[in-house]
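Hi everyone, thanks for coming. Please have a look at the sequence and the structure on the screen, and then I'll walk you through them.

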Amino acid sequence: MPWIILVLAGLFEVGWAIGLKYTDGFTKTWPTIGTVAAMAISLGLLGIAMKSLPVGTAYAIWVGVGAVGTVILGIVLFNEPVNALRLISVGLIVAGLIGLKLASP
């Protein structure tokens, strides 16, 4: 269960990272409220997951899920560049996440 909570925390991290783009420097009310809510949920879930997972592993997975998800949504939503080096780099992050999961209790 802590792993599921951790992945959910990472997905909410993606939500707030993407939400930041829509806040326009925190000048738009509803995107700002949604972004702050996603931040709070993400950190809350991370804290719950860290009760039973090693801090280094949990934090790295949280950041990695957030980074991969944000890159993918940046490509889809904002037409950010797609090239081989970017995709290989994202793949390396995913490989690292899998390695951390396999190496953790």
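Let me start with a question: is arginine 86 buried, partly exposed or exposed? Arginine 86 is partly exposed, at a relative accessible area of 25%; buried means under 20%, exposed over 50% and partly exposed in between, using a 1.4 Å probe and protein chains only.

Some housekeeping. This is a predicted model, where local features need pLDDT of at least 70 and side-chain atom pairs count only at pLDDT 80 or more, while totals for chains, interfaces and linings use all residues. Residues are numbered from 1 along each chain as its sequence is written, and side-chain values use heavy atoms, with hydrogens and water left out.

Now the overall picture. The protein chain has four helices and zero strands, so its elements read α-α-α-α from the N terminus on. Helices (H or I, at least four residues) and strands (E, at least two) are DSSP runs, numbered from the N terminus. Along the principal axes, the C-alpha atoms fill a box of roughly 45 × 35 × 15 Å. There are 105 residues in the chain, and buried ones make up 30% of them. Taking contacts with a separation of 6 or more, 70% are between residues 24 or more positions apart; contact here means heavy atoms within 4.5 Å.

What does UniProt list? Its unreviewed entry gives residues 33-50, 57-78 and 84-103 as "transmembrane region". Positions are in the numbering used here, feature names are shortened, and annotations may be inferred rather than shown by experiment. In the model, residues 33-50 are 94% helix, with end C-alpha atoms 26 Å apart. Residues 84-103 are 100% helix, and their end C-alpha atoms lie 28 Å apart.

On to the inside. The largest nonpolar core has 13 residues, and Leu6, Leu46, Leu53 and Ile61 touch the most other members. Such a core is a set of buried Ala, Val, Leu, Ile, Met, Phe, Trp, Tyr and Cys residues joined through side-chain atoms within 4.5 Å. Helices H1 (2-23), H2 (29-49) and H3 (55-78) each supply at least two residues of this core. Leaving aside residues up to four places away in sequence, leucine 53 touches Pro2, Trp3, Leu6, Ala58 and Pro105.

How many aromatic pairs does a search of the whole structure find? Two. Rings of Phe, Tyr and Trp (its six-membered ring) pair if their centres lie within 6.5 Å; planes under 30 degrees apart count as stacked, over 60 as edge-to-face and the rest as tilted. Tyrosine 22 and phenylalanine 78 make a tilted pair, 5.5 Å centre to centre with 45° between the planes. That pair joins helix H1 to helix H3, across 56 residues. Tyrosine 59 and tryptophan 62 are tilted too, at 5.6 Å and 45°. Both lie in helix H3, three residues apart, about one turn of the helix. Tyrosine 59 is partly exposed at 46%, whereas tryptophan 62 is buried at 8%.

Finally, back to arginine 86. Its side chain meets that of glutamate 80 in a salt bridge, 3.4 Å from N to O, and the whole-structure search finds one salt bridge. The term means a side-chain nitrogen of Lys or Arg within 4 Å of a carboxyl oxygen of Asp or Glu. Glutamate 80 is partly exposed, at 31%.
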